[in-house]
Amino acid sequence: MGIVLSNIVAIYRRELQSYFVSPLAYAIAGIFWLIAGFFFFLILLGPTGIIAEAFYQDSQGAPGSLDVGSRFVQDFLSIMAWLLLFLLPILSMGLYAEERKRGTLELLATSPITNWGVAVGKLLGVLTFFITLVVPILGLEAIALSAANPPMQPAILLLGHLGLILLAAAILSLGMFISSLGESTILSAVFTFTASILLMLVPDFIGQKLGGSMGEFLSNLSLAKHYNDLVQGIFDTSSLILFASYIFLGIFLTAQSIDALRFQRN
């Protein structure tokens with residue numbers, strides 16, 4: 001067990017260091033913060049933003065009727081979820097495709113490190129990099145909403161961002177599997193984007209059309225449905241189980257993909 005953990009940590013450190021020395025990663029971070037900051041300002045302080053709406057309601061004799069904090073978290077994190085659909089495929093596209101191009105994937109496939117260990121280490125590395133992008137925004141939100149009336153509940157803020165991280169982990173895990181299938185990073189990004197859109201929207205759409213127990217089952221497979229529950233402050237263990245299942249599925253499929261490569265080489 002100790003050897004497995006040490007291998008995962010080694011892959012994790014290698015993967016994380018590759019992001020912090022990559023110009024592309026810094027470009028992604030800059031663009032992400034720029035777009036997130038723009039929507040942050042627009043939703044909170046824009047001409048038709050939440051603050052303007054709150055002042056309007058106060059002028060109509062209904063002071064404090066708008067829960068600024070909860071409303072902002074829901075609106076902002078809804079925008080952030082769609083932003084992730086463009087960001088995460090770029091982060092995950094090179095997890096294995098670049099290894100194929102450089103010829104190092106064969107070394108990983110034939111090394112003593114288990115395929116599960118490599119996949120977990122890579123996923124933790126890219127997810128940690130994503131979390132470093134989210135933390136400054138979370139701090140900015142906490143400062144901006146500290147004077148909200150009624151007061152912002154920290155649990156809602158943290159639960160919403162937990163949902164954002166779990167959504168990112170699920171998409172990155174599936175993107176990692178797609179990246180392991182070929183050498184083209186562009187195709188990997190495109191297929192990951194397509195798969196993310198399908199998993200976000202299609203199960204709930206089909207489920208509502210079907211109705212009944214089968215429709216409910218399909219609706220519960222939607223990433224968007226469970227993400228929205230967490231953003232709205234609804235803590236349900238079924239949401240955690242669903243995200244964990246998608247994360248595990250991505251890791252499992254990735255390990256099987258590398259096992260197939262190992263078998264071909266043998």
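From the N terminus on, the elements of the protein chain follow the order α-α-α-α-α-α-α-α-α-α-α-α, which amounts to 12 helices and 0 strands. Helices (H or I, at least four residues) and strands (E, at least two) are DSSP runs numbered from the N terminus. The model is predicted: local features require pLDDT of at least 70 and side-chain atom pairs pLDDT 80 or more, whereas totals for chains, interfaces and linings use all residues. Residues are numbered from 1 along each chain as its sequence is written, and side-chain values rest on heavy atoms, with hydrogens and water left out.

The protein chain comprises 266 residues, of which 45% count as buried. Here, buried denotes under 20% relative accessible area, exposed over 50%, and partly exposed the range in between (1.4 Å probe, protein chains only). Among contacts (heavy atoms within 4.5 Å) between residues at least 6 apart in sequence, 75% join residues at least 24 apart.

One joins the side chains of Lys122 and Glu15, with an N to O distance of 3.0 Å. Because Lys122 belongs to helix α7 (residues 115-144) and Glu15 to helix α1 (residues 2-20), this pair ties together parts that are 107 residues apart in sequence. Both Lys122 and Glu15 are buried. A salt bridge also links Asp75 with Arg71, whose closest N and O atoms are 3.0 Å apart. Asp75 and Arg71 lie 4 residues apart in helix α4 (residues 68-92) and are therefore separated by about one helical turn. Asp75 is partly exposed at 29% relative accessibility, and Arg71 is partly exposed at 29%.

Helix α7 also contains Gly117, which is buried with a relative accessible area of 3%. The C-alpha atoms of Gly117 and Ile251 are separated by 9.5 Å, although these residues are 134 residues apart along the chain.

Two packed helices are described by the angle between their axes and the distance between the axes. For α4 and α9, the angle is about 145 degrees and the axes are 8 Å apart; axes are lines fitted to C-alpha atoms, for helices over the stretch in contact, and angles run from 0 to 180 degrees between N-to-C directions. The crossing of α4 and α9 is right-handed, the near helix being turned clockwise from the far one by less than a right angle. On the α4 side, Ala81, Trp82, Leu85, Phe86, Pro89 and Ser92 meet Ala189, Thr192, Phe193, Ser196, Ile197, Met200 and Leu201 of α9.

Trp82 and Leu201 also belong to a nonpolar surface patch, together with Leu198, Val202, Phe205, Ile206, Leu210, Met214 and Phe217, with about 860 Å² of accessible area in total. Patches consist of residues with over 30% relative accessible area and no salt bridge, like charges being joined within 9 Å and nonpolar side chains (Val, Leu, Ile, Met, Phe, Trp, Tyr) within 5 Å. At least two residues of the nonpolar patch come from each of α9 (185-210) and α10 (212-219), and α9 gives the most, with 6 residues. Phe205, located in helix α9, is exposed at 53% relative accessibility.

How values were computed: A salt bridge is a side-chain nitrogen of Lys or Arg within 4 Å of a carboxyl oxygen of Asp or Glu. Accessible areas come from the Shrake-Rupley method with a 1.4 Å probe; for residues, only the protein chains shown count as cover.
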